[in-house]
Amino acid sequence: MCSLDYSGCAPSTSGGKRPRNDKGNKVTVVLGAQWGDEGKGKVVDLLATESDIICRCQGGNNAGHTVVVDGKEYDFHLLPSGIINSKAVSVIGNGVVIHLPGLLEEAEKNEKKGLKDWEKRLIISDRAHIVFDFHQAVDGLQEVQRQAQEGKNIGTTKKGIGPTYSSKASRTGLRICDLLDDFKEFSTRFKNLAQQYQAMFPTLVVDVEGQLKKLKECAERIRPMVRDGVYFMYDAINGPLKKILVEGANAALLDIDFGTYPFVTSSNCTVGGVCTGLGIPPLNIGDVYGVVKAYTTRVGIGAFPTEQLNEVGELLQTRGHEVGVTTGRKRRCGWLDLVILRYANMINGFTAFALTKLDILDVMDEIKVGVSYKLKGKKIPYFPANMDVLQKVEVEYEKLPGWKSDTSACRKWEDLPVKAQNYIRFVENHVGVPIKWVGVGKARESMIQMF
């Protein structure tokens, strides 16, 4: 291959290939390592206090993060939970799908609780796709259809996330940049998209003019916040030293590619989604922290090998207040499953784990941990892709003695009962990922940092 000298891109004199540019700020990532609801918001909140930029890269307002600051509970669905930090900029990346009325309503609700000047520190990528009210209506209609045809639904949050990503993939979606450009052209495309859905769902009623009027108002409110997200992130990474944090929504087992399909969300909630959802190179990904609950929960239907449909499951549900932030649904509960954690680690390459809600196990006499799966009597080293196969696995458990004492006041490793320490070490050794934080309560102070 002949080596041409393009200006600014001259071949190296040594004839070897140029080394990749390893400069720039590294991005810290926080991801869910189970089926969501692991307490990511708490870990993000901890790291956000010293971050300059906090980003969301995928999902929509189907995520729910609760953060407690000074005794006040803030609920976030679309806004990065780092928006509480008045010194940081929050970014909604191109991979996020945005329901604009929902975003503004969420901001207003949190304003009433004390959130100030959020619009001065929020940046929205112009390449993000828009969730319309009819996407949300279609989400509900599709669930009804699934129930009628298959006798089961996916258990979506009915927030329009799936239909919006479908519009995106079929190239009929509309983005923030379209909304802020020629509104006449936007209106035409909006009407066409609405008609396409009405052709598929004859019962769907769309108030086209009403929705367009609302969207025009939203457009003017968000206009000052909209930027070219790719350039903004490039500038942030390659400019002066900055701490950049990415908060994942949903979790590994809800990932559209790697999750328990079809009972998953519609985006990549594993580490690859960070690169595609913000437009940043893999080279700039730094620490990747996985958030894990000390037991396992799942919302909606789908296989759940370590689920406990007994008093153990009930105890975890009531003690852990396991109810979804977004849907209000009771979560299904079971023992910690290390097969899932190893699988999530294969995909994400975690630097460390944050183990949350350890205090929920305080009352247990004995704690079981799922360590491997057997299929037809043989141990399997992988996590099955097929849901029918996953339903058939036999979980092998290890039993550990409970510590039977209150850990909620513990603030450092030495404060924890020895049996609780053993439980933590057991998880680390079996998954091969160190545990950097242990959560023993709701508040910021309840996260014990180990190293």
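This is a predicted model: local features need pLDDT of at least 70, side-chain atom pairs count only at pLDDT 80 or more; totals for chains, interfaces and linings use all residues.
Colleague: Why is Asp-45 called buried?

Modeller: Buried means under 20% relative accessible area, exposed over 50%, partly exposed in between (1.4 Å probe, protein chains only). Asp-45 has 4%, so Asp-45 is buried. Asp-45 sits in helix H1 (residues 40–48). Helices (H or I, at least four residues) and strands (E, at least two) are DSSP runs, numbered from the N terminus.

Colleague: Which residues does Asp-45 touch, not counting those up to four places away in sequence?

Modeller: Val-67, Val-68, Val-69 and Arg-444. Contact means heavy atoms within 4.5 Å.

Colleague: What makes Arg-189 and Asp-178 a salt bridge?

Modeller: The rule asks for a side-chain nitrogen of Lys or Arg within 4 Å of a carboxyl oxygen of Asp or Glu. Here the closest N and O atoms are 3.5 Å apart, and the pair qualifies. Arg-189 lies in helix H6 (residues 183–200) and Asp-178 in helix H5 (residues 176–179), so the bridge ties together parts 11 residues apart in sequence.

Colleague: Why does Arg-189 count as partly exposed, and why is Asp-178 buried?

Modeller: Arg-189 has 31% relative accessibility, so the label is partly exposed. Asp-178 has 15%, so Asp-178 is buried.

Colleague: Which salt bridges does Glu-322 form?

Modeller: One is with Lys-293, at 2.9 Å, N to O. Lys-293 is in strand E11 (residues 285–293), and Glu-322 is in the loop between helix H10 (311–319) and strand E13 (332–334), 29 residues apart. Another is with Arg-331, at 2.6 Å between the closest N and O atoms. Lys-293 and Glu-322 are buried, and Arg-331 is buried too. A salt-bridge network links Asp-37, Lys-293, Glu-322, Arg-331 and Lys-357.

Colleague: How many salt bridges does the rule give?

Modeller: The count is 23.

Colleague: Which residues of H10 are buried, and how do you know that they line one face?

Modeller: They are Val-312, Gly-313, Leu-316 and Gln-317. Down the axis of H10 they fall within an arc of 135 degrees, so they line one face. The arc is taken over the directions from the helix axis to the C-beta atoms. These buried residues pack against E13. The face turned away from them carries exposed Glu-311 and Glu-314.

Conventions. Residues are numbered from 1 along each chain as its sequence is written. Side-chain values use heavy atoms; hydrogens and water are left out.
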